Number of protein chains: 2
Amino acid sequence: MPRRKMTPAAAARYKAGLAHALEAGYEVLRRGNSLDAVCAAVVALEDSPLFNAGRGACYNTDEKHELDASVMDGATLRAGAVAAVSRIRNPVLAARAVMEKSRHVLLAGRGAERFARAHGLELVPDSYFATQSRLAALRKKLVGHHGTVGAVARDANGNLAAATSTGGYTGKLPGRIGDSPIIGAGNYADNACAVSGTGLGEAFIRGVLAYDVAARMRYLGEPLAKAARAAMRKLAGLQGDGGLIAVDHRGNIVMPFNSEGMYRAAIDRKGRRTIAIY
Amino acid sequence: MPRRKMTPAAAARYKAGLAHALEAGYEVLRRGNSLDAVCAAVVALEDSPLFNAGRGACYNTDEKHELDASVMDGATLRAGAVAAVSRIRNPVLAARAVMEKSRHVLLAGRGAERFARAHGLELVPDSYFATQSRLAALRKKLVGHHGTVGAVARDANGNLAAATSTGGYTGKLPGRIGDSPIIGAGNYADNACAVSGTGLGEAFIRGVLAYDVAARMRYLGEPLAKAARAAMRKLAGLQGDGGLIAVDHRGNIVMPFNSEGMYRAAIDRKGRRTIAIY
């Protein structure tokens, strides 16, 4: 939401939503691992109607919701994703099920939903995803309004993980898959860095941006912040706006963006919390 | 096909199919650009029932065909892809239409088919993709038999392009999307190198293998052959088999693989032809 349209009350709601997801992830991280933590944080964001993932997702040109999500485990390079799913309450959990319970990385559409159902995930009717403000955005032709939720974490064992989930953007074509379920584009984790992206998905895909951060760290020896800045320059060169959140093996955190704002929150090594919008 | 099962007659048929696609691409390349050339070569391979793409594609567990394809233009970093499509005769042409006629990079399923129809591409009935040998493979539980077709080219202007197309693998789950339509995984092109992969798609996705070749060349300064060998080692480390074809800005060609064979063909700068299976 542009800063000029943001009211104090709305900003407070968004920050409360961010804080809730942050604490949900942190609570798991303190007792468990990074993979569980990023999933817990993303589930909280999917369940909130404020964010464009799960409940509250954008509408496509058919006035339907098609959701994308992925997860990657930095310790093992395992990954799972779902794309263009319309009936799975928490796409990130379906992505994790694909990772853990199939031989595949990416399942789409009805096949993904059938898989999710077979593995006990909650399916919901279309109406679950409906929000008046998102529908109004479509009907007012506010095409291009986008957003993505994501989480990255490093746990006490030094293992990293990343999760990303989105409804895409208002007015996308049916069947459009963005960068969020694409390993390397909108999501990537190894044990040197974990990255989740938000913004114009097509530019993230063309620039292979999430993996590019990891590649620059590994091959150029760049620190995370420098590699992330370079990825943001590449994004701008592809006429893309957006941002990313990333953490490295030492627990350094970066959250750069070239859009007007990016809803973001973090807890660092010392337990210091950051919650910000612009 | 394992070497011990390959007959001289079958080898001759495969080599003729490769030669036909090679000449189809080369004919276009002599008069035109690399993007047109890789599409022409891949169309020829999709139209041949011998190869696992378009006609002749593998069956999934529902005894259906779901096809993936992508194309990337190295000069502009534009890309297009379709995934899990069942009615488009030439998925690579639909991928190109997504690149040139939409704001998206990747469309899947029915939405992709609707888009293809709207842009004048030929749709075909299920029966078009049917082949007895592939169906027999599924029913004999020959799960895991895979293959992909692809083409890379450098044109006289120094522009590179890559195209990849596949039916996935026998016995895949409905909705499974492999690496072929994933930019960075099974397909990547900039004007330093163009890469198309074949093999266990899940490993190509997790390793972001096609882009990894480009990243190593750019960031480590490695020549194409060395970067491609490193990608093959990474593939093996991910328990993946397969191979890739790649060309660099100077027209150097590499076609490494760690599987028993890889149907492959090339024409180099001097017009010398290579056609080989093992």
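What share of the contacts in chain A between residues at least 6 apart in sequence join residues at least 24 apart? I looked this up and found 64%, with contact taken as heavy atoms within 4.5 Å.

The model is predicted, so I note that local features need pLDDT of at least 70, that side-chain atom pairs count only at pLDDT 80 or more, and that totals for chains, interfaces and linings use all residues. Residues are numbered from 1 along each chain as its sequence is written, chains are lettered from A and ligands numbered from 1 in the order written, and side-chain values use heavy atoms, without hydrogens and water.

Chain A, overall. I listed eight helices and 12 strands in chain A; these are DSSP runs numbered from the N terminus, helices being H or I of at least four residues and strands E of at least two. Along the principal axes, the C-alpha atoms of chain A fill a box of roughly 45 × 45 × 35 Å.

Chain A, burial and charge. Of the 278 residues in chain A, 61% are buried (under 20% relative accessible area, 1.4 Å probe, protein chains only). I counted 38 positive side chains (Lys and Arg) and 24 negative ones (Asp and Glu) in chain A, leaving out His and the chain ends. The centres of the two sets lie 3 Å apart, each charge being placed at NZ of Lys, CZ of Arg, CG of Asp or CD of Glu.

Arg216(B). I found this residue in helix 7 of chain B, residues 209-220. Arg216(B) counts as buried because its relative accessibility is 14%. Beyond its neighbours within four places in sequence, Arg216(B) contacts Tyr219(A), as well as Gly221(B), Glu222(B), Ala227(B) and Ala230(B).

Terms used:
Buried < 20%, exposed > 50% of the residue type's maximum accessible area, 1.4 Å probe, protein only.
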